[in-house]
Amino acid sequence: MTHTKILFQNFILLLFFTTTASAQQVLTLENAVKIALENNYEIKIATNNLTIQKTNVAIGNAGMLPTVSANVLDNNSVQNSSQIRQDGTETELDNAKNNSLSYGVGLDWTIFDGLRMFARMDQLKELQKLGEAQLKLTLITRISDVNAAYYDLVQQQQQLAALDTTIVISNQRLTLAQNRFTIGKASKLEVLNAQVDLNTDQVALLRQKELYANSKILLNQLMARDVATDFKVIDQLEVDSLLLLPELKALAEKQNPQLETQIINKRVAELELKQIKAARYPTIRVNTAYNFSESQSSLGFVKESQSRGFNYGFSASLNLFDGFAQNRNEKIAKIQIENSKLNIDQQNLVLNSQLATSYQTYLTNLELIALEEKNELIAKQNLNITLDKFRIGTITTLEFRTAQLNYVNAKVRFSNAQFQGKLSEIALRELAGNLIF
């Protein structure tokens, strides 16, 4: 096989990969996040839960509005009746029909309950804020997952490119070994070793393609779309190297959704105590109604009667003794407030600990990125020199294979270092609550 034919085959191979890649849709991170925000089921559920909380924020749900009811009562009877009056007169009637009909509209309104209704209204508003914080947590968590899955594909795509490169180099090595064997400058063993190494590289490429395809399925699942949807991602992976721990801590204190949730829970517990304390005050209700009643009787002094008109009044009640349940309920509510304070302190500690450890990992990964980038450049230079020497036959196949593997491993390590650095950046932004979506 001539050198020109080798170049032609490599060109065809490169053209095939280029054509295949261009036929796929390039999915940007922004589009992946947008699709996830629109389709992800957990986000939809959290959004619906927030809608429920918003719907619950109503003065009627807090008990501030009256209740109005309509009622109808109709009683009928057929009886055999007998009556003996005071004067001794006796009256009897079989199948005597009696009818009683009443209907009307009534209103009942609690106008004072120890301010419990106002505390309940404030609590409903806090529960809405809790729903917003939980939605934000779900959004940040899912967007963090999409970011991680996306950049995992980026680094896997880079590794595929590295393995494609080593396949090309291994093909060149096999061709050179076959040519040298043909002219008697190399043994059959050298050809067999080149073939074995090429097969090994092809196996590694197939494994990487499998991992890449499965990772695509995972990202499609996170975006809640057809898992068979094909696409490619961008080629470059950049890590923000300007994150500062004090700024991240300040952001986390203001907008970390988990910390925000604990703060809201404390406020909810305080409002619950207010509602319990309201039972120490009297409850006053007013009521009014307009009723109509009619009765008919086949036997008796009154054959038919009717009435209609307004009823109105008020009622007041005060709990004097309930087996010390009031004291017990207030004591429990105060303990729950204390627990909510402890939860805030605990969440602050956990958050600061996670920020500190994640930031240290982030700094280490930045150093590893710089180091692995240098290693890749050195390995590439070493491979180029080794390839030239191998072509003229001044080094062994083992030395060539070592240089080849060093280059591939350096590219993979550099790609992985970038990916780990990006994961550290995502984790810090997630903790700070400022992951952009």
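**Close-up 1. R401 and D201, a buried pair.** R401 has a relative accessibility of 9% and therefore counts as buried. The model shown here and in the other views is predicted. D201 also counts as buried, at 5% relative accessibility. The side chains of R401 and D201 form a salt bridge, with 2.9 Å from N to O. This pair links distant parts of the chain: R401 sits in helix α9 (residues 397-432) and D201 in helix α5, 200 residues apart. R401 and D201 also belong to a network of salt bridges that takes in R173 and D197. In total, the structure holds 18 salt bridges.

Close-up 2. Are R180 and E190 buried or exposed? Both are buried.

**Close-up 3. R429 and D240, a salt bridge from helix to loop.** The N to O distance between these side chains is 2.7 Å. R429 comes from helix α9, and D240 from the loop between α5 and α6 (245-255), so the pair ties together parts that are 189 residues apart in sequence. D240, at 26% relative accessibility, counts as partly exposed.

**Close-up 4. N365 and E367 in helix α8.** Helix α8 spans residues 325-391 and contains E367. N365 is found in helix α8 as well. Which of these residues is buried, and which is exposed? N365 is buried, at 9% relative accessibility. E367 has a relative accessible area of 60%, so E367 is exposed; the cut-off for exposed is over 50%. Neighbours within four places in sequence aside, N365 is in contact with Q420, G421 and S424. For E367, the view includes S241, which lies 126 residues away along the chain. The C-alpha atoms of E367 and S241 are separated by 10 Å.

**Close-up 5. Helices α2 and α3.** Two packed helices are described by the angle between their axes and the distance between the axes. Helix α2 covers residues 29-39, and helix α3 covers residues 41-56. Their axes lie 6 Å apart, and the packing angle is about 50°. That angle makes α2 oblique to α3. On the α2 side, the contact holds A36, L37, E38 and N39. On the α3 side are Y41, I43 and K44. What kinds of residue make up the contact of α2 with α3? There are 4 nonpolar, 1 polar and 2 charged residues.

**Close-up 6. Helices α4 and α9.** The axes of α4 and α9 come within 10 Å. They cross at roughly 170°. The two helices are therefore roughly antiparallel to each other, since angles over 145 degrees count as such. The residues of the contact divide into 13 nonpolar, 14 polar and 6 charged.

**Close-up 7. L139 in helix α4.** L139 has its place in helix α4. L139 is buried, with a relative accessible area of 15%. The view also takes in A46, 93 residues from L139 along the chain. The C-alpha atoms of L139 and A46 are 8.8 Å apart.

Close-up 8. Most residues other than glycine have a negative phi. Where do L115 and A224 lie? L115 is in the loop between β2 (90-112) and α4. A224 is in the loop between α5 and α6. L115 has a positive phi of about 70°, although L115 is not a glycine. For A224, also a residue other than glycine, phi is near 55°.

Terms used
Residues numbered from 1 in each chain as written. Predicted model: local features only at pLDDT ≥ 70, side-chain atom pairs only at ≥ 80, totals over all residues. Heavy atoms only, no water. Helix = DSSP H or I, 4+ residues; strand = E, 2+ residues; numbered from the N terminus. Buried < 20%, exposed > 50% of the residue type's maximum accessible area, 1.4 Å probe, protein only. Salt bridge = Lys/Arg side-chain N within 4 Å of Asp/Glu carboxyl O. Contact = heavy atoms within 4.5 Å. Axes fitted to C-alpha atoms, helices over the stretch in contact; angles between N-to-C directions. Parallel < 35°, antiparallel > 145°, perpendicular 65-115°, else oblique. Nonpolar A, V, L, I, M, F, W, Y, C, P; charged D, E, K, R; others polar.
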